[in-house]
Structure formats: structure tokens, C-alpha cells
Amino acid sequence: MGQPQRLENKIAVITGAAAGIGLAMARRFAGEGAHVYLADIDGAGAEREAEALKAIGLMATARAVDVSKGQDVTALFRSIDQDQGRIDILVNNAGLNVREDFRHLSDADWVKIREVNLDGVVRIARDGFNLLKASGKGSLINVASIMGHRGLRQLAGYSATKGAVSALSRALAVEYAPYGIRVNALAPGFVETALTERVLRNPMINKALIDQTPMRRFGTGEDIAAAALFFASDDSAFVTGAELAVDGGMSAGL
Ligand SMILES: NC(=O)c1ccc[n+]([C@@H]2O[C@H](COP(=O)([O-])OP(=O)(O)OC[C@H]3O[C@@H](n4cnc5c(N)ncnc54)[C@H](O)[C@@H]3O)[C@@H](O)[C@H]2O)c1
């Protein structure tokens with residue numbers, strides 16, 4: 001017999017699951033026995049990845065969802081309510097960035113960052129409450145960032161939204177605990193995905209970031225998914241309000 005599966009019979013919903021960190025989480029959670037809903041603004045990408053998981057015998061369903069649109073989020077939760085009646089694991093992972101010196105950040109770009117990274121997280125965490133409560137032991141996982149606690153040029157707007165996600169996670173841990181819902185945050189360092197591709201392609205920035213990372217490498221989606229699995233599973237049954245840096249030691253250094 002193989003290893004026991006850590007997410008057997010769990011219903012998991014992951015936003016931004018068509019690519020990058022969210023997709024790595026979807027693959028890991030499905031591999032651990034969860035039925036994973038891949039919710040992404042890229043509906044075709046979510047469908048492709050869900051089909052790939054089903055093709056190897058895992059449970060996955062795609063949903064086209066723009067987390068910045070209230071009606072999309074309402075439709076997502078309504079359909080899952082009809083299908084499953086509960087959510088055991090809800091991951092707020094969808095996020096984006098617009099790199100710009102803060103003094104030149106336009107209102108439109110600021111709104112674009114905030115609508116997904118913060119308003120989307122607020123909406124998912126608020127409107128997902130009833131389904132998480134119905135689980136009896138729901139786990140809400142918010143993907144923040146070490147940039148919520150540190151500064152780097154051209155990332156101030158992004159940092160502001162991620163710092164708010166960290167604060168929201170702690171506050172919700174307190175508010176949701178009486179309903180059997182745990183709320184934890186992940187703070188990845190630099191992970192090689194489409195989000196960081198351009199900046200990591202710059203040899204000087206790449207070297208500077210590696211030099212600042214005690215473990216001397218960038219993270220992978222699998223590194224973040226492994227940490228998410230801890231928060232998702234019953235192994236963290238007494239952990240709420242925590243934030244885990246998954247950054248190769250970057251935030252521990254000077
Ligand atoms: N890559 C890193 O170094 C890093 C570091 C810290 C935190 N993070 C955070 O991790 C999360 C995932 O980032 P990633 O690096 O995998 O990015 P990515 O760009 O590779 O993937 C993001 C996914 O989110 C989806 N998405 C974007 N806007 C959306 C919306 N409005 N509604 C639904 N889905 C949407 C995209 O289609 C894509 O599939 C983000 O919250 C990001 O801020 C990433």
C-alpha cells in the first residue's frame with residue numbers, strides 16, 4: 001500500500017490555478033486526494049490543466065473566474081454550493097503586479113493591482129465564509145508575499161496590497177475561529193513564474209536577488225505548494241493566524 005493521502009475527501013478551491021504557484025498547488029492537492037476547483041480568469045488554461053489532472057485519474061474542475069468581479073465570485077460559490085455544499089480548503093492565490101516607480105504609478109495601474117491582490121482576496125474570503133463554515137474544519141490560505149514586509153524599487157503598490165493581505169489574514173483568523181475556520185498566510189520569496197520572468201531575466205537583478213538569498217536559489221511552485229499543503233491538511237489543525245515565509249531565508253537576512 002502507498003502513503004496515506006493527506007487531503008482525501010477534501011474539496012479545495014484555488015484562485016489563479018491555471019499557471020505558476022496556483023497550478024503547482026492544484027497538482028499537489030489533487031495528488032493528495034482532494035477534488036480541486038481551478039478558478040482562473042484564464043478559463044481555457046484552467047480547463048486545460050483540469051483535463052490534464054483528470055487524465056491521470058485525479059479529481060479536478062475548471063471555473064472561469066475574474067476575482068475582481070463580484071458576479072464571477074458569486075457564480076463560483078453558487079456552483080460549488082450546488083455541486084458540493086461545502087469548501088474545505090480555499091486558497092486566495094490569484095495576483096498580479098505592475099512594476100512602476102511609485103511616483104509615476106497611475107491611478108489606473110494602482111486600481112488594477114488593488115482590484116486583484118486585495119479586493120479579490122477580500123471578496124473570496126468574505127463570500128466563501130458560508131461554504132468554509134459548512135466544512136466544519138475549513139482552511140483559508142492567503143498568498144501574501146515577503147514584499148508585504150520588505151521594500152524593493154518599483155514594487156511599492158504591490159507591497160501595499162500584500163501587507164494588507166497579511167493583516168487581513170491575522171484579523172480573520174480571530175474572527176473565523178469560532179466557526180471552525182483556520183486562516184493562514186504564505187509569504188513566498190522570489191519564485192520563477194510568469195509574474196517574475198521579466199525581472200529575473202535581468203542578469204544584474206537576478207544576481208543581486210540570489211546574493212540576498214541564503215539558500216542561493218529561487219523558489220519553485222512546488223516549494224510553495226508543499227507549504228500550502230501543511231496549512232490545507234489536518235496536520236496544521238491547531239495553527240491559525242500564522243504566516244509562513246517560503247523564501248530560502250531571504251527575509252531572515254539583512
Ligand atoms: N512568483 C513570485 O515570486 C511570488 C512571490 C510572492 C508572492 N507571489 C504571489 O503568488 C501568487 C501567484 O503568483 P504567480 O507567481 O504564480 O503568478 P502567475 O502570473 O504565474 O500566475 C497567476 C495566475 O493568476 C491568474 N489571475 C490573474 N488575475 C486574475 C483574476 N483577476 N482572477 C482570477 N485569476 C487571475 C492568472 O491568469 C494566472 O493563472 C500571487 O498572489 C503573487 O502575488 C508570487
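This is a predicted model: local features need pLDDT of at least 70, side-chain atom pairs count only at pLDDT 80 or more; totals for chains, interfaces and linings use all residues.
Local features are given where pLDDT is at least 70 and side-chain atom pairs count only at pLDDT 80 or more, whereas totals for chains, interfaces and linings use all residues. Residues are numbered from 1 along each chain as its sequence is written.

Seven strands form an open sheet with parallel pairing, in the order β3-β2-β1-β4-β5-β6-β7; helices (H or I, at least four residues) and strands (E, at least two) are DSSP runs numbered from the N terminus, and two strands pair if DSSP finds at least two bridges between them. The edges of the sheet are β3 (59-64) and β7 (243-246), each of which pairs on one side only. On average, neighbouring strands are turned by 20° against each other, direction ignored. Strand β1 (residues 11-15) pairs with β2 in the parallel sense over five bridges, and isoleucine 14 has leucine 38 in β2 as its bridge partner. Further along the order, strand β5 (residues 138-143) and strand β6 (residues 181-188) run parallel and are joined by six bridges, with valine 143 standing opposite leucine 186 in β6. Strand β2 (residues 35-40) is mostly covered, since five of its six residues are buried; a residue counts as buried if 20 or more other C-beta atoms, placed from the backbone, lie within 10 Å of its own, as exposed if 12 or fewer do, and as partly exposed in between.

Helix α1 lies across β1, β2, β3, β4 (89-92), β5 and β6, and runs at about 170° to β1; axes are lines fitted to C-alpha atoms, for helices over the stretch in contact, and angles run from 0 to 180 degrees between N-to-C directions. The axes of α4 and helix α6 (residues 156-176) come within 9 Å and cross at roughly 10°, which makes α4 roughly parallel to α6 (angles under 35 degrees count as roughly parallel). Their contact, in which two residues meet if their C-beta atoms, placed from the backbone, lie within 7 Å, includes Trp110 and Ile113 of α4 and Tyr158 and Leu168 of α6. By class, this contact has 11 nonpolar, three polar and two charged residues, where Ala, Val, Leu, Ile, Met, Phe, Trp, Tyr, Cys and Pro count as nonpolar, Asp, Glu, Lys and Arg as charged, and the others, Gly among them, as polar.

The ligand is surrounded by 29 residues, the closest being Gly16, Gly20, Gly95, Thr193 and Leu195; a residue is near a molecule if its C-beta atom, placed from the backbone, lies within 6 Å of it. Two or more residues of this shell are given by each of α1 (20-31) and α4 (107-127), and α1 provides the largest share, three residues. The shell divides into 15 nonpolar, 11 polar and three charged residues.

Glycine 128, in the loop between α4 and α5 (129-135), is buried, with 21 other C-beta atoms within 10 Å. Leaving aside residues up to four places away in sequence, glycine 128 touches Phe77, Ile87 and Leu90. Most residues other than glycine have a negative phi.

Definitions and conventions:
Angles under 35 degrees count as roughly parallel, over 145 as roughly antiparallel, 65 to 115 as roughly perpendicular and the rest as oblique.
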